[in-house]
Amino acid sequence: MTRVVADFATTVLDDPHASVCVALSGGADSLALTATAVRAGLDVTALVVDHGLQEGSGHVAARAAESARGLGAAARVLEVRVGTRGGLEAAARDARYGVLDAARDGRPVLLAHTADDQAETVLLGLARGSGARSIAGMRPWKAPWGRPLLRVRRVQTLAVCTELGLVVHHDPHNRDPRFTRVRLRAEVIPLLDDVVRGGVVDALGRTADALQDDNDALDAWAETVWGSVRTADGLDVAPLLEVPRAVRTRVIRRWLLGVGATEPKQRVIAAVDRLAMESGTGRAQVAIGGDPGVRTVVERGGQMLTVRLTER
């Protein structure tokens, strides 16, 4: 694992002795990442987020920070308030990424997602019908977030912690069947492994890699189209009629993000795509979400898509 992290620093960060932050929870994956990043020669600051969602969370965070210091890293505990928007899991993730971004001080943040996490992400995207972008899973690098362990199995991170005598925190949320990921981890993936006789996690990882390459090619094509369809008033429909749907929906997604939609779901993108492809000059509209205090809709007028905002 030390070699994996060292190679990531050299090939992705372009600095074998880079100054980095590691998001540390105290679990096996992030402890192993912290340890191997230090051993790889990186200048490591562990950022421990205390979500305050469980009794004794402050003690767990303090112990994780102390473990990081014992490994030779600097460490900070970051307290955060978790909201309710999108459910507990999504709200905690949003709060965590926000506080990590604020604390990183210009440095990349290494996240301890493993091959097992990638497999779960691919399955979630597949089950939700979220399209190729979701099924492509997590990328090893999307500034400022780095994931050096996406080809490392969870059993390997546990082995590193055992070898180094590290005390691992076992988050009860990771065993709570109310969370979809927990059931994927504990029930679905083991069943798939049994049915196809092994190799499911690695196969799902390869699927993600292949789809990322496809997405990159389609995104590049969409970028060239983007320049011919955006206007000061909205989105010109005519040039979109000449390109495949896979390119067209990427252009639409980019435009929706620019006009206030928050990570538009596949069904919203598909609805706006249908609006764009309708013939005639009649007016129609699609609600696209965004600011909860404002109703944001896309309207079709002639050959143009425009946005209209109204207070709720």
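**Cavity and surface in the predicted model**

Modeller: Helix H3 (residues 57–71) contributes four residues to the lining of the largest cavity, the most of any element; helices are DSSP runs of H or I with at least four residues, numbered from the N terminus. The model is predicted, local features need pLDDT of at least 70 and side-chain atom pairs pLDDT 80 or more, while totals for chains, interfaces and linings use all residues. Residues are numbered from 1 along each chain as its sequence is written, and side-chain values use heavy atoms, without hydrogens and water.

Colleague: What makes a space a cavity?

Modeller: On a 1 Å grid over the protein atoms alone, a cavity is a set of points where a 1.4 Å probe fits but cannot get out, and its lining residues have an atom within 4 Å of a point. The count comes to one cavity of 30 Å³ or more. The largest cavity holds about 50 Å³, a volume being the space filled by probe spheres set on points joined across faces, edges and corners.

Colleague: Which residues line the largest cavity?

Modeller: Among them are Ser-25, Leu-31, Val-60, Arg-63 and His-169. The lining has five nonpolar, four polar and one charged residues; Ala, Val, Leu, Ile, Met, Phe, Trp, Tyr, Cys and Pro count as nonpolar, Asp, Glu, Lys and Arg as charged, and the others, Gly among them, as polar.

Terms used: 1 Å grid on protein atoms, 1.4 Å probe; cavity = no way out; pocket = protein on both sides within 12 Å on 5 of 7 lines; lining within 4 Å. Helix = DSSP H or I, 4+ residues; strand = E, 2+ residues; numbered from the N terminus.
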